[in-house]
Amino acid sequence: MNPGNKNIDLWSIEKCVFCNGRLEKNSKILNCLHGICKDCVPEDVTDSDKNLGILCKCGIVTISELISYPIVSSVESTVEKCFEQNCDEIANKICISCNSLYCKSCSKIHLNINQDHKPILMKTYPLKEEFIPCPECTEKCIEVYCLRCSKMICPLCHLNKHRSHGFKILKTMADETKLKLNMDLLKVRKNNIFLDSLNEKLSQDIENLQFQKDQINEKINEAMNLLYQEIYKRSLELKTSLEIHFTDLVGKIIINKEVLNDFKKENEYYFNLTNSIIDNNKTFDIVKISKNVTDKMTLSRSYIDNMPREIVSFNASLEYNNHEQSIRECIEKFRGIGNITSTPVVSLPDYRIMVNNAQQPLRKNQPLNSTPIMEEIKPEIEDIKEEIEEVEEMEENNLFNLFSQSDSDSSEYEPLLNCSCCNQWTVDELLNCKGCNRFYHNDCHIPLIDKELVPDNPLLNTWTCTLCQDISSHVEVLLQKDVTAYFVSGHSEQKLIERILMMLYCQNEDSEHYRECLNRATYPHYYEIVEEPISLNDVKERFVSTSSYISLIDILKDIHKVFKNGMDYFDMNDPYYKSAYELQLSFHGMVTLWLPKIDLESLDV
């Protein structure tokens with residue numbers, strides 16, 4: 001499907017899916033149930049073609065014959081002109097052989113020209129009721145369906161050529177089909193109510209997310225403002241401390257400078273005084289004062305000689321200690337502040353691909369796998385489902401009663417108690433799942449069921465099989481892991497492998513070809529072409545009994561190899577090839593949906 005092209009209208013009744021034109025007479029319907037007008041049907045395609053290959057805009061290829069579009073508006077005028085050129089008369093005859101319309105006179109000319117068109121098939125137009133010629137006698141209208149030959153024929157041909165074959169009246173079959181479709185419509189209506197509720201819930205989720213986003217933004221702003229305040233407060237503390245240290249250090253240095261200046265003045269005084277004494281020629285005075293001068297000169301020298309070395313080598317400085325390491329640590333802590341998480345959203349596009357690929361029909365009333373979203377909305381839509389429950393049950397009962405009265409063959413169906421894995425019927429040995437009503441042998445189910453648990457065991461009164469168990473939590477666990485950490489020993493990994501193997505085994509018509517390897521005596525050439533033969537039972541044995549798998553990727557590769565071997569050996573038209581192809585589609589769909597981190601190409605190694 002190409003949803004990006006807005007010019008394509010896939011869901012409009014009575015519109016051509018290719019040109020969006022109105023569907024009129026001679027329009028056809030494709031296998032995907034989209035309509036195609038006669039102008040868009042390729043010129044080389046006829047109604048009898050069995051291998052068309054028409055690619056619809058939705059991506060589905062129609063390979064079977066085209067069918068007349070069944071819902072052209074009934075209000076369309078039935079007045080048609082004669083198909084003959086240069087004739088403007090109203091058509092009142094239709095040639096069933098070529099589906100052409102003619103007036104009475106032109107119809108005779110048409111039959112004369114086309115000798116192979118039988119006069120009995122020239123009917124009055126408009127037809128009072130549908131007329132399709134019998135494929136065997138080509139003269140009478142089909143009315144019965146031969147059950148053995150699977151073909152529609154007239155009653156006369158049935159009596160002459162198919163007398164011993166079972167049959168059904170086409171009108172009865174049509175009525176039965178309508179009844180079944182009406183019952184399906186009830187389910188569609190219920191599903192649409194469910195989808196509307198789900199859409200409403202998702203819209204509410206978007207509003208809630210916007211509200212939560214605004215709240216989180218406010219919390220982030222509050223946290224950042226608090227950090228800004230603390231940073232500003234710390235910066236003031238550091239600047240105050242810097243100012244205190246600077247003032248104290250400078251004050252002490254100034255005091256030291258004053259003391260040094262006093263030392264210098266004292267030295268200059270003693271120097272000048274001593275020079276004056278020396279210049280004085282009074283011998284007695286010199287001798288008398290010399291001791292005092294000498295003592296003071298000695299004291300003055302001692303200031304310099306005994307001055308502490310630290311004062312001489314002192315270099316004043318201010319340092320900002322440990323700031324780089326502290327800032328780095330703070331930054332690391334800041335980076336770890338808070339964490340934004342969101343709930344995982346189930347991918348509906350991937351789910352749609354999985355459902356289309358798996359093509360595994362569900363039993364009546366069997367729900368699809370539960371998901372986090374489904375679990376959340378179930379309580380909210382329960383009231384809506386209950387509102388239509390009584391109406392739906394009443395309408396189903398009415399339809400069933402009408403269906404029962406119209407056909408004696410529509411008796412209540414009693415399902416065979418066959419094992420859903422091996423497809424073998426063994427009445428006394430099958431265990432019943434209370435979730436989906438499937439039946440299993442103890443050793444067919446994955447994981448294996450204790451053989452002491454027999455059908456009458458009270459422990460099985462509420463037992464559900466692997467297919468009915470919710471695996472959404474295990475999918476979420478693996479989404480949080482790296483692919484390299486996917487080990488078969490992990491609980492979530494085991495649950496997913498059990499689910500995948502069970503889904504493949506229960507695809508009975510296809511999996512029965514690949515549960516065991518081909519017989520070597522019957523298919524010797526297979527073992528010359530396939531280097532590593534392997535079967536589903538081999539994988540199951542290694543997984544359940546021997547525990548020889550370590551990595552989840554290894555067991556997925558082996559499952560992929562089972563189907564690849566079949567596709568490599570068998571011709572594309574062989575049923576074995578088609579089964580391998582269908583199983584591989586189902587397998588890839590499950591891996592894509594439940595293990596999206598795993599690249600499918602990595603399995604083909």
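In this predicted model, Lys-161 has a relative accessible area of 53% and is therefore exposed, the cut-off being over 50%. Its salt-bridge partner is Glu-136, with 3.8 Å between the closest N and O atoms. Lys-161 belongs to helix 2 (residues 155–161), while Glu-136 sits in the loop between strand 8 (122–124) and strand 9 (144–146), so the bridge ties together parts that are 25 residues apart in sequence. Glu-136 counts as partly exposed, at 23% relative accessibility.

Lys-180 is exposed at 52%, whereas Asp-184 is partly exposed at 29%. Asp-205 and Lys-201 are likewise 4 residues apart in helix 3, separated by about one helical turn. Here Asp-205 is partly exposed at 22% relative accessibility, but Lys-201, at 9%, is buried because the limit for that class is under 20%.

| Salt bridge | N to O distance |
|---|---|
| Glu-136 with Lys-161 | 3.8 Å |
| Asp-205 with Lys-201 | 2.6 Å |

A network of salt bridges with shared partners joins Glu-532, Arg-542, Asp-558 and Lys-561. The search of the whole structure finds 16 salt bridges.

Next come the nonpolar cores. The largest one has 61 residues, and Ile-555 and Leu-556 have the most contacts inside it. Among the elements that each supply at least two residues of this core are strand 13 (439–440), helix 10 (491–505), helix 14 (552–569) and helix 15 (575–594). Beyond its neighbours within four places in sequence, Ile-555 contacts Val-488, Ile-497, Val-539, Phe-543 and Tyr-549. A second, separate core has 15 residues, including Ile-29, Cys-37, Cys-56 and Tyr-69.

Ile-169 is in strand 11 (residues 167–169). With a relative accessible area of 38%, Ile-169 is partly exposed. Leaving out residues up to four places away in sequence, Ile-169 touches Glu-143 and Val-144. The C-alpha atoms of Ile-169 and Val-144 are 4.5 Å apart, although 25 residues separate the two along the chain.

For the chain as a whole, there are 15 helices and 13 strands. Of its 605 residues, 29% count as buried. The chain exposes about 41000 Å², with carbon and sulfur atoms supplying 54% of that area. Of the contacts between residues at least 6 apart in sequence, 53% join residues at least 24 apart.

Technical notes
Residues numbered from 1 in each chain as written. Predicted model: local features only at pLDDT ≥ 70, side-chain atom pairs only at ≥ 80, totals over all residues. Heavy atoms only, no water. Buried < 20%, exposed > 50% of the residue type's maximum accessible area, 1.4 Å probe, protein only. Contact = heavy atoms within 4.5 Å. Areas by Shrake-Rupley, 256 points an atom, 1.4 Å probe, with all protein chains shown as cover. Core = buried A, V, L, I, M, F, W, Y, C linked by side-chain atoms within 4.5 Å. Salt bridge = Lys/Arg side-chain N within 4 Å of Asp/Glu carboxyl O.
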